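Here is a short tour of one protein chain. Keep the sequence and the 3D view open as you read.

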Amino acid sequence: MKILQIKSSILGENSTSSKYTTKLVEQLKKVGDVVVVRDVAEKPVTQLSGKVLGELQDPTSLVSREHNTLIAELQSADVVVIAAPMYNFSVPATLKNYFDAITKAGVTFKYNEQGQPVGLITNKKVYVLITRGGKYKENGLTFQEDYLKVSLGFIGLSDVKFIFVEGLAMGIPPEQIEANFKAQLG
Ligand SMILES: Cc1cc2nc3c(=O)[nH]c(=O)nc-3n(C[C@H](O)[C@H](O)[C@H](O)COP(=O)(O)O)c2cc1C
């Protein structure tokens, strides 16, 4: 089994979302499994622009090859674990750039004869680990996870489990944060 861990925190070694996704990977990992780490903060995916859109018309361009590499890496994974810290109410821009790269007509989605979108990446379990300084889930502010759910579902990844590590800036004891995390794994 291949586990793809996608990190997106700007905080490097001090990242909470990286720490908890690594804990999750350790939990999921069995002997012989391969873990591939894609860190989109350390190595940002090219941001879309008019120029980049033009370059994407050429399948041999650098950016086309970059996107193809990311898509192949995703396609070959059995399990995907995504770290999604909340930055200013949304996902990090680098994670958005990643989704912009992997959402590719004819490759990761298509439109069927009825004009409906069909996701082309299937048979994967996805875990999304959301970290936040505040607490949003209990207040029903779900736009961050909604964006991720829609983006993943559009390319066929509909088996998604969200895990929330919230209230990190609210003085909650670390043991309680850890216990809340563990309680969601079951
Ligand atoms: C640039 C930046 C913006 C943030 N914006 C929010 C926010 O809008 N809401 C919130 O609850 N926490 C916010 N936080 C706190 C982070 O969500 C929290 O510290 C989380 O653990 C970050 O994950 P990381 O350590 O993996 O980067 C922000 C943190 C940073 C660095």
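Is tyrosine 20 buried or exposed? Tyrosine 20 is buried, because its relative accessible area is 3% and buried means under 20%. Keep in mind that this is a predicted model.

**Helix α1 and its surroundings**

Tyr20 belongs to the buried residues of α1, along with Ser17, Ser18, Thr21, Leu24, Val25 and Leu28. Helix α1 covers residues 16-28, which makes 13 residues. From first C-alpha to last, α1 reaches 18 Å, close to the 18 Å expected at 1.5 Å a residue. What do its buried residues pack against? Their partners are the strands β1 (2-7), β2 (34-39), β3 (79-85), β6 (125-131) and β7 (160-165), plus the helix α6 (174-183).

**Aromatic pairs**

The whole structure holds seven aromatic pairs.

Phenylalanine 162 and phenylalanine 164 form a stacked pair, 6.3 Å centre to centre and 20° between the planes. Both of these residues are buried. Elsewhere, Tyr98, Phe99 and Tyr147 form one aromatic cluster.

Helix α3 (residues 62-75) has 14 residues. It reaches 20 Å from its first C-alpha to its last, close to the 20 Å expected. Its buried residues are Val63, Ser64, His67, Leu70, Ile71, Glu73 and Leu74. They pack against β1, β2, α2 (50-55), β3 and α4 (93-102).

Now look at strand β2, where arginine 38 lies. Is arginine 38 buried or exposed? Arginine 38 counts as buried, because its relative accessibility is 15%. Leaving aside neighbours within four places in sequence, its contacts include Leu70 and Glu73. Tyr98 is also in contact with arginine 38.

**Salt bridges**

How many salt bridges does the structure hold? There are eight. Three of them are listed here.

| Salt bridge | N to O distance |
|---|---|
| Lysine 51 and glutamate 55 | 3.0 Å |
| Glutamate 166 and arginine 132 | 2.6 Å |
| Glutamate 178 and lysine 182 | 3.8 Å |

Lysine 51 and glutamate 55 both lie in helix α2, four residues apart, about one turn of the helix. Lysine 51 is exposed at 63% relative accessibility, while glutamate 55 is partly exposed at 29%.

Glutamate 166 and arginine 132 link distant parts of the chain, 34 residues apart. Glutamate 166 is in the loop between β7 and α6, and arginine 132 is in the loop between β6 and α5. Both residues are buried.

Glutamate 178 and lysine 182 are both in helix α6, again four residues apart. Glutamate 178 counts as buried at 18%, whereas lysine 182 is exposed at 51%. Salt bridges with shared partners join Lys23, Glu178 and Lys182 into one network.

**A patch on the surface**

Phe89, Leu141 and Phe143 make a nonpolar surface patch of about 290 Å². Phenylalanine 143 is found in helix α5 (residues 143-154). Its relative accessible area is 39%, so phenylalanine 143 is partly exposed.

Terms used:
Residues are numbered from 1 along each chain as its sequence is written. This is a predicted model: local features need pLDDT of at least 70, side-chain atom pairs count only at pLDDT 80 or more; totals for chains, interfaces and linings use all residues. Side-chain values use heavy atoms; hydrogens and water are left out. Helices (H or I, at least four residues) and strands (E, at least two) are DSSP runs, numbered from the N terminus. The expected span of a helix is 1.5 Å times one less than its number of residues. Buried means under 20% relative accessible area, exposed over 50%, partly exposed in between (1.4 Å probe, protein chains only). Contact means heavy atoms within 4.5 Å. Patches are made of residues with over 30% relative accessible area and no salt bridge: like charges are joined within 9 Å, nonpolar side chains (Val, Leu, Ile, Met, Phe, Trp, Tyr) within 5 Å. Accessible areas come from the Shrake-Rupley method with a 1.4 Å probe; for residues, only the protein chains shown count as cover. A salt bridge is a side-chain nitrogen of Lys or Arg within 4 Å of a carboxyl oxygen of Asp or Glu. Rings of Phe, Tyr and Trp (its six-membered ring) pair if their centres lie within 6.5 Å; planes under 30 degrees apart count as stacked, over 60 as edge-to-face and the rest as tilted.
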